[in-house]
Amino acid sequence: MAKDNAAPSETFDFIVIGAGPGGYTGAIRASQLGLKTAIIEKDKTLGGTCLNVGCIPSKALLDSSEHFAMANHDFKTHGIDVSGVKLNLPAMMARKSKIVSDLTGGVAFLMKKNKIAHYNGKGKLLSPTQVEVTMADGSKQVLEAKNIMLATGSVVNELPSVPYDGKRIISSTEALSLPEVPKHLLVVGGGVIGLELGSVWLRLGAKVTVLEYADRLVSNMDSQMTKRMESVLAKQGMEFMFQVKVTGSKSSKYAVQLTYEDMKDNNAAKQIEGDVVLVATGRRPYSDGLGLEELGIEKDKRGFVMVNEHLQTKHPNVFAIGDLVPGWMLAHKAEEEGVAVAEFIGTGVGHVNYETVPGVVYTWPELASVGATEEELKAKGVAYKAGSFNFAANARAKAIGTTDGMVKVLADASTDRLLGVHILGPRASDMIAEAVVAMEFGGSSEDLARSFHAHPTLSEVMREAALAVDKRARQS
Ligand code: FAD
Ligand code: NAD
């Protein structure tokens, strides 16, 4: 039987279907709380989208390609002369794959360590307390559980007019393993995936053109920041076409021609050619073959499983989390939901604070954000104060040589409570944590402004932006 370290009994307190960040983290927490737990994963490796074909391989390539770009363009300014910098793409890919296999292996270790029974097969709900597992060899087994958590995540959303062929028209998965650098990469969708993977191939030498339907990049983030990000990426050589709707594709042996409607030109039909097209127009929740319909578990019209504030479906002991349910499609959001479900079952209390979910685009500089954007505050009629500060005036950013970007702090006009923090800058992904903690504690811009920030560090930009809320930035 294809099960690893499964307990002899097939009855559990908690069964998790899907071993992505939401599923495996929730399983660990449940086990810590003394619940007899099983996890069912259809793929050979654990870790889900994030570890196998998402967060981790993309960040490995972003870091490697950033080193390559620095060696080519920035080392000289530090007084380091290097010649003959050459890309060894197979070695870069091998490094990425090793990081992925180390981490997916690490999750398997954590399952064993926490005595979580691992079934390698596809799970399907038979009833609110029964799951059928179909193993790779076709054999089936029925497991019983008091509680079940659906954590089956998401998959790429194919654009019907530009179907994937896996070679010239690709999804993020293939874009993480291209055998050579494209000459001209066309990226459909100026969202997170388009910009991150577009950056990887731009740095490795491709011409990159992003075709975006909206009038700006990553349209759910603060527009002042995304506009500024656009100009920094344009300086790096990324090209953008906005208000274009990609409507069709024609592939030949060496090229792909995309057809698009140019909304700035009366929807005129136009063409553009590249040798590889990355379609990154969003992901859809994945619940194929999960047995939801048979149990009357409701989905919205985009396929997201409907849950209440405790992440319960219409069956109170069947929970759903992560990319499968409405909300941000982010690994850390899935993790917190998995933990909240385990704690709700194990202790009666489990909660996720959706006000403080950070979002990060791992370009260089990075764009990180928590809380409301200025557009959202204006739309809601919230009176707010804004303070901002540029990395160009920060000593450490100058020392590092990355001065593009800024921090913006938004605070309530009367109470000074933090409402949103937005960072475009080096290592914004790490810097945003300070703002998340401050907001989690209901902190104010004054709290950020009065807290020590070591000198010289990038974090001083956060403090100066917080001081600027009250018009008392000291370094500008
Ligand atoms: P998933 O990670 O999708 O895991 C679901 C698991 O369930 C999969 O392993 C699947 O095989 C399994 N499964 C599905 N159906 C069944 C079944 N019936 N039986 C058994 N197993 C089943 N997010 C971030 O926060 N930061 C990032 O930097 C980031 N980068 C990304 C880069 C890319 C290229 C992509 C594509 C995504 C990225 N994301 C990132 C998003 C992140 O990967 C997802 O939000 C996260 O993985 C969702 O976690 P999950 O547990 O809900 O689902
Ligand atoms: P996205 O929703 O972020 O961006 C898709 C973009 O495609 C949108 O800007 C949309 O306007 C555009 N678009 C849609 N149809 C189009 C068309 N026909 N022509 C031109 N443009 C079109 O989706 P994504 O970038 O595919 O990412 C999917 C999910 O994965 C996101 O929800 C994201 O949260 C997650 N993700 C997160 C990270 C991260 O946290 N760093 C990284 C990668 C992916």
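A polar contact here is a pair of N or O atoms within 3.5 Å; within protein, one must be able to donate a hydrogen and the other to accept it, and residues adjacent in sequence count only if both atoms are side-chain atoms. This is a predicted model, where local features need pLDDT of at least 70, side-chain atom pairs count only at pLDDT 80 or more, and totals for chains, interfaces and linings use all residues. For finding your way, residues are numbered from 1 along each chain as its sequence is written, chains are lettered from A and ligands numbered from 1 in the order in which they are written, and side-chain values use heavy atoms, with hydrogens and water left out.

**Stop 1: ligand 1**

Select ligand 1 and Ala331: a backbone N or O atom of Ala331 lies 2.8 Å from an oxygen atom of the ligand. Then pick Asp323, which has a side-chain N or O atom 2.9 Å from a ligand 1 oxygen. How much of ligand 1 does the protein bury? Taken alone the ligand exposes 1000 Å², and 94% of that is buried by the protein (areas by the Shrake-Rupley method with a 1.4 Å probe; for residues, only the protein chains shown count as cover).

Now show the shell, meaning residues with a heavy atom within 4 Å of the ligand. Helices (H or I, at least four residues) and strands (E, at least two) are DSSP runs, numbered from the N terminus.

**Stop 2: ligand 2**

Jump to ligand 2 and Glu196: an N or O atom in the Glu196 side chain sits 2.8 Å from a ligand nitrogen. A polar backbone atom of Val246 is 3.2 Å from a nitrogen of ligand 2, and one of Val192 is 3.3 Å from an oxygen. On its own ligand 2 has 850 Å² of accessible area, of which the protein covers 78%. Helix 6 (192–203) and strand 12 (244–251) are the elements that give two or more residues to its shell. That shell holds 22 residues, the closest being Ile193, Glu196, Glu212, Gly282 and Val360. By class they split into 13 nonpolar, four polar and five charged.

**Stop 3: aromatic pairs**

Rings of Phe, Tyr and Trp (its six-membered ring) pair if their centres lie within 6.5 Å; planes under 30 degrees apart count as stacked, over 60 as edge-to-face and the rest as tilted. The count comes to three aromatic pairs. Select Phe12 and Tyr119: this pair is edge-to-face, 6.3 Å centre to centre with 90° between the planes. Phe12 lies in strand 2 (residues 11–17) and Tyr119 in strand 4, so the pair ties together parts that are 107 residues apart in sequence. Are these two buried or exposed? Both Phe12 and Tyr119 are buried (under 20% relative accessible area, with exposed over 50% and partly exposed in between; 1.4 Å probe, protein chains only).

Conventions. Ala, Val, Leu, Ile, Met, Phe, Trp, Tyr, Cys and Pro count as nonpolar, Asp, Glu, Lys and Arg as charged, and the others, Gly among them, as polar.
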